[in-house]
Amino acid sequence: MKLRAAVLLLVLMSQPALAQWRVSSSQSVGGFVFPESAAYDAKGKVLYVGNFGGQKLAPAEKDGLGYISKVGLDGKVLEQKWVPAQGGEPLHKPKGIWIRGERLWVTDIDAVWVFDLKTKKGRKLALPGVGFANDPAVMGNALYISDNRNDKLVKVEPADFLGAKDPKVTEVIAGMGLNPNGVYPTKVGMLLFGGFLAPDKPKGLYALGVSGQVRQISDPIGRIDGLYEMADGSLLFTDWNSGSLSHWSEKGGITKLADGFKGPADFTVIPGDARSMTVVVPDLVQSQLRFIQLRR
């Protein structure tokens, strides 16, 4: 019995790679114009993709050319301009998208929108002091929004302000030299975020605790855009410095999963079973979505 247990232990110890995520397939699709973000609607089984539009990459320009596309899980564009409605208030440079229930939130330079997924009814909320609204994430009853260029994080309460009388915008952190970009809520009430500043000024991963204190949880990495927490607490992230989608864990560090991106932006995850998932990464610069199948 002891010999059998020892053999089993040796077998398990000799196969650590079986638990590691790896790319089993990767496919890029076009039909987009400077896509900065993708979000998965689990109920509708579709994706929503934010496009800057236009002929040049100008992420802070208020040109009214932005739009959100409704996309199938195979990458086929189902509705190129899901919003804005023709003749309605325009979108400029829609960046991060977050979906919860029947609501979709999207940032747009100095404002954030919330839309009803069924009716497309929307409301725009100005964000005082914000000049480059980037990634949104809902945690509890608050919507958190990053602004990496102005080095701040704000929150909107209530998160679903579509019908709220007086939504409140509050500054959470500012001027700490962290330049928050990708944000993601944890299961234990912390908000994770990655920093994004310049190629020669790499930023790391950070955790905003329930008390409001910020803790750095990684060494400087690069220019972190999208962020996603896995079931085991490890993270997926995109990094402009390395042009990659990577995996990070506190014990295992960083493992690069896919590279070759020119502008790996705010991605989304389509869950599979316990051993598989699909990661949809917009390449802002190449105007593509890359569908990456991960397995372990």
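Visitor: Which residue in β15 does Pro 185 stand opposite?
Guide: Keep in mind that this is a predicted model. Strands β14 and β15 pair in the antiparallel sense, over four bridges. Across that pairing, the β15 residue opposite Pro 185 is Leu 191.

Visitor: Which residue takes a positive phi in the hairpin of β14 and β15?
Guide: Look at the turn here, where five residues sit between the two strands. One of them has a phi near 90°, and that residue is Gly 189.

Visitor: Is β14 enclosed or open to the outside, and how many of its residues are buried?
Guide: To count as buried, a residue needs under 20% relative accessible area. The strand is largely enclosed by the rest of the structure, because the buried share of its residues is six of the six.

Visitor: And Lys 118, is that buried or exposed?
Guide: Lys 118 is found in the loop between β8 (111-116) and β9 (122-126). The cut-off for exposed is over 50%. Lys 118 has a relative accessible area of 65%, so the answer is exposed.

Visitor: How far apart in space are Lys 118 and Arg 295?
Guide: In sequence, 177 residues separate Lys 118 and Arg 295. In space, going C-alpha to C-alpha, the distance is 33 Å.

Visitor: On to pockets. Which residue class supplies 16 residues to the lining of the largest pocket?
Guide: The largest pocket has a volume of about 390 Å³ and is lined by 19 residues, with Tyr 40, Trp 98, Tyr 184, Tyr 228 and Thr 268 nearest its centre. Strands that each give at least two lining residues include β2 (35-41), β6 (97-100) and β14 (180-185). One lining residue is polar and two are charged, while the class with 16 is nonpolar.

Visitor: How many charged residues line the second largest pocket?
Guide: That pocket holds about 260 Å³ of space. Its lining has 16 residues, and those closest to the centre are Arg 215, Ile 217, Gly 233, Trp 248 and Glu 250. By class, seven are nonpolar and four polar, and the charged count is five.

Visitor: Which strands are the edges of the open four-stranded sheet?
Guide: The strand order is β18-β19-β20-β21, with antiparallel pairing. An edge strand pairs on one side only, and the two that do so are β18 (224-229) and β21 (253-258).

Visitor: Last one: what is the bridge partner of His 247 in β21?
Guide: Strand β20 covers residues 244-249 and runs antiparallel to β21, with five bridges joining them. In β21, the partner of His 247 is Thr 255.

Key. Residues are numbered from 1 along each chain as its sequence is written. This is a predicted model: local features need pLDDT of at least 70, side-chain atom pairs count only at pLDDT 80 or more; totals for chains, interfaces and linings use all residues. Side-chain values use heavy atoms; hydrogens and water are left out. Two strands pair if DSSP finds at least two bridges between them. On a 1 Å grid over the protein atoms alone, a cavity is a set of points where a 1.4 Å probe fits but cannot get out, and a pocket is an open set with protein on both sides within 12 Å along at least five of seven lines; lining residues have an atom within 4 Å of a point. Grid points are joined across faces, edges and corners, and a volume is the space filled by probe spheres set on the points. Ala, Val, Leu, Ile, Met, Phe, Trp, Tyr, Cys and Pro count as nonpolar, Asp, Glu, Lys and Arg as charged, and the others, Gly among them, as polar. Buried means under 20% relative accessible area, exposed over 50%, partly exposed in between (1.4 Å probe, protein chains only).
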